Amino acid sequence: MEKMLNPSDFVGVSFWIISAAMVAATFFFWVERDRAVGKWKTSLTVAAMVTGIAAIHYFYMRDVWAVTGESPTVFRYVDWLLTVPLQIIEFYLILAAIAVVRAALFWRLLVASLVMLIAGYLAEVNPEATTSLWVLFIIGTLAWLYIIYEIFAGEASQINASQGTVASKRAFSALRIIVTFGWAIYPLGFVYGYAGGGNADALNIIYNLADFVNKIAFGVVIWAAATADNANEKAAA
Ligand SMILES: *C/C=C(C)/C=C/C=C(C)/C=C/C1=C(C)CCCC1(C)C
């Protein structure tokens, strides 16, 4: 018989709660898309795609955890491989909504995010190899720091500073906070999860929290900017 979720398994319950939240968020962004104007509609579509893809993966991750008690590493990274590039597209859309942005910027952010995730995956599928585990962790962290550099000091930041509207600047600074502090929860989860012998409970609860912040809260930020721009436009008309 298939094992059911154990109510006293708080990590398993967190998988359950995030599954429900991802579905609800997807529905919300999808419906609210009607209230956004112009290019912001696409941003909300992408936000709904991110939470929708995550919802599907959370259903499976919850089962892997409930049945085996092991980290659902493969589903986790398949989800991230789909949703992180979508979030990079989201940054690009915010900039493209206000200015002509070079495609090279998009590709640099995309490649850096892939290096970060591939390094993390190679580390986590074989955590017994502790030397490569931490070398790969450092490679992934450097790729993340590069993304931070790009949005604080690189071309993306210059475009935002010189050509942003009030709403797009607000969205852009919220994105900076998400990528710096929201994304920082993942390497923290990695350290708690693997330092000193490994702790799958800590790893998964922290990753689940991080996904809640970075997929749902991130979408809400986009939604706030999208609907604020709408209000401005109506006031101007
Ligand atoms: C929706 C999923 C998101 C936004 C996932 C983001 C994942 C990260 C920012 C992962 C970062 C990691 C490092 C910075 C070092 C290597 C280990 C990782 C992959 C956990």
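Setting aside residues up to four places away in sequence, Ser 14 touches Ile 205 and Asn 208, where contact means heavy atoms within 4.5 Å. Ser 14 sits in helix α1 (residues 10-32); helices here are DSSP runs of H or I with at least four residues, strands are E runs of at least two, and both are numbered from the N terminus. With a relative accessible area of 12%, Ser 14 is buried. Buried means under 20% relative accessible area, exposed over 50%, and partly exposed in between, using a 1.4 Å probe and protein chains only.

This is a predicted model, in which local features need pLDDT of at least 70 and side-chain atom pairs count only at pLDDT 80 or more, while totals for chains, interfaces and linings use all residues. Residues are numbered from 1 along each chain as its sequence is written, and side-chain values use heavy atoms, with hydrogens and water left out.

Helix α1 also holds Ser 19, which counts as buried at 2% relative accessibility. Leaving aside neighbours within four places in sequence, Ser 19 is in contact with Ala 55, Tyr 58, Phe 59 and Arg 62.

Ala 55 and Ser 19 lie 36 residues apart in sequence, yet their C-alpha atoms are 5.2 Å apart in space. Beyond residues up to four places away in sequence, Ala 55 touches Ser 19, Met 22 and Val 23.

Helix α2 has 29 residues, and its end C-alpha atoms are 42 Å apart, in agreement with the 42 Å it should span at 1.5 Å a residue. The expected span is 1.5 Å times one less than the number of residues. After α2 comes Gly 69, with a positive phi near 70 degrees.

## How α4 meets α5

Now to a helix pair: the axes of α4 (residues 103-125) and α5 (residues 130-152) come within 8 Å and cross at roughly 160 degrees. Axes are lines fitted to C-alpha atoms, for helices over the stretch in contact, and angles run from 0 to 180 degrees between N-to-C directions. The crossing angle makes α4 roughly antiparallel to α5; angles over 145 degrees count as roughly antiparallel, under 35 as roughly parallel, 65 to 115 as roughly perpendicular and the rest as oblique.

Residues on the α4 side include Leu 105, Met 116 and Leu 122, and among those they meet as a group in α5 are Leu 136, Trp 144 and Ile 147. The contact of α4 with α5 divides into 15 nonpolar, two polar and two charged residues. Here Ala, Val, Leu, Ile, Met, Phe, Trp, Tyr, Cys and Pro count as nonpolar, Asp, Glu, Lys and Arg as charged, and the others, Gly among them, as polar.

## Helix α8 beside α5

The axes of α5 and α8 (residues 185-194) come within 11 Å and cross at roughly 170 degrees, so α5 is roughly antiparallel to α8. Leu 133, Trp 134, Phe 137 and Trp 144 of α5 make this contact with Pro 187, Phe 190, Val 191 and Tyr 194 of α8. By class, the contact of α5 with α8 has eight nonpolar, no polar and no charged residues.

Seven of the 10 residues of α8 are buried, so α8 is largely enclosed by the rest of the structure. Among the buried ones are Tyr 186, Pro 187 and Phe 190. Gly 196, with a positive phi near 65 degrees, follows α8.
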